[in-house]
Amino acid sequence: MIATKRIAFACLVAMTGACGDGNTTPTSPTTTTAMNESWSSVLAPGGTSSRSFTVNAAGTITVTMTSAGATVGLGVGLPRTTGGVYRLGVSVSPGGSASPQIATSADAGQYCVQVFDLGTLTDPISFALKIDHP
């Protein structure tokens, strides 16, 4: 009986020791600050205009073409490592609007937004857009 009590006590001590000393500091969740970038430029007939940006954490990229003198192409993609061009993963053909025209999930890394002529411009146009990302 005494041996059984000693074994039970030893098991209790071993289990208590495995739980730590109770002096742990809880960790806070990491938060990522949302980035808001504005960009405006001029798009020539047959041309493209691009801007790169860095996404610091996984999340959603939203792009809003806030003003444009005509319907143009708008895309979000990844920069190619050679050739200096972009591989667009998402593209649309918006005019200006207050609502985002593109919302896409993204991992942390380098991305680009590109505005391009759809073949309809006869004169240069001004455009403005907003890029929101983590």
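**Entry 1: a pair of strands**

I began with strand E3 (residues 59-68) and strand E8 (residues 125-133), which run antiparallel and are joined by six bridges. Thr64 has Lys130 as its bridge partner in E8. For my own reference, helices (H or I, at least four residues) and strands (E, at least two) are DSSP runs, numbered from the N terminus. Two strands pair if DSSP finds at least two bridges between them.

A note on what I am looking at: this is a predicted model, where local features need pLDDT of at least 70, side-chain atom pairs count only at pLDDT 80 or more, and totals for chains, interfaces and linings use all residues. Residues are numbered from 1 along each chain as its sequence is written, and side-chain values use heavy atoms, with hydrogens and water left out.

**Entry 2: the whole chain**

Next I stepped back. I found one helix and eight strands in the protein chain, in the order α-β-β-β-β-β-β-β-β from the N terminus. The protein chain has 134 residues, and 29% of them count as buried. Here buried means under 20% relative accessible area, exposed over 50%, and partly exposed in between (1.4 Å probe, protein chains only).

I also looked up contacts, meaning heavy atoms within 4.5 Å. Of those in the protein chain between residues at least 6 apart in sequence, 79% join residues at least 24 apart.

Which strands sit together with E3 and E8? I traced an open sheet of four strands, ordered E1-E8-E3-E6, with antiparallel pairing. Strand E1 (35-43) and strand E6 (102-106) are its edge strands, and each pairs on one side only. From one strand to the next, the twist averages 20°. For such angles, axes are lines fitted to C-alpha atoms (for helices over the stretch in contact), and angles run from 0 to 180 degrees between N-to-C directions.

I then picked Thr62, which lies in strand E3. Is Thr62 buried or exposed? Its relative accessible area is 17%, so Thr62 is buried. Leaving out residues up to four places away in sequence, Thr62 touches Pro100, Ile102, Ala103, Lys130, Ile131 and Asp132. Between Thr62 and Lys130 there are 68 residues in sequence but 8.1 Å in space, C-alpha to C-alpha.

**Entry 3: the other sheet I traced**

I found another open sheet of four strands, in the order E2-E7-E4-E5 and again with antiparallel pairing. Strand E2 (48-55) and E5 are at the edges with a single partner strand each, so one side of each has no neighbour in the sheet. The twist here averages 30° from one strand to the next.

Five bridges join E4 to E7, and six join E4 to strand E5 (residues 86-92). Val76 stands opposite Val113 in E7 and has Val90 as its bridge partner in E5. For Gly75, the bridge partner in E7 is Gln114.

**Entry 4: the core**

I looked up the largest nonpolar core next. A nonpolar core is a set of buried Ala, Val, Leu, Ile, Met, Phe, Trp, Tyr and Cys residues joined through side-chain atoms within 4.5 Å. Which of its 20 residues touch the most other members? They are Ile61, Val63, Leu74, Val113, Val115 and Leu129. E1, E2, E3, E4, E6, E7 and E8 each give two or more residues to this core, and E8 gives the largest share, four residues.

My last stop was Asp117, placed in the loop between strand E7 (109-116) and E8. Is Asp117 buried or exposed? Its relative accessibility is 12%, so Asp117 counts as buried.

I then checked its polar contacts (pairs of N or O atoms within 3.5 Å; within protein, one must be able to donate a hydrogen and the other to accept it, and residues adjacent in sequence count only if both atoms are side-chain atoms). A polar atom of the Asp117 side chain lies 2.6 Å from the backbone nitrogen of Gly46. The backbone nitrogen of Thr120 lies 3.1 Å from a polar atom of that side chain. Apart from neighbours within four places in sequence, Asp117 is in contact with Leu43, Ala44, Pro45, Gly46 and Gly47.
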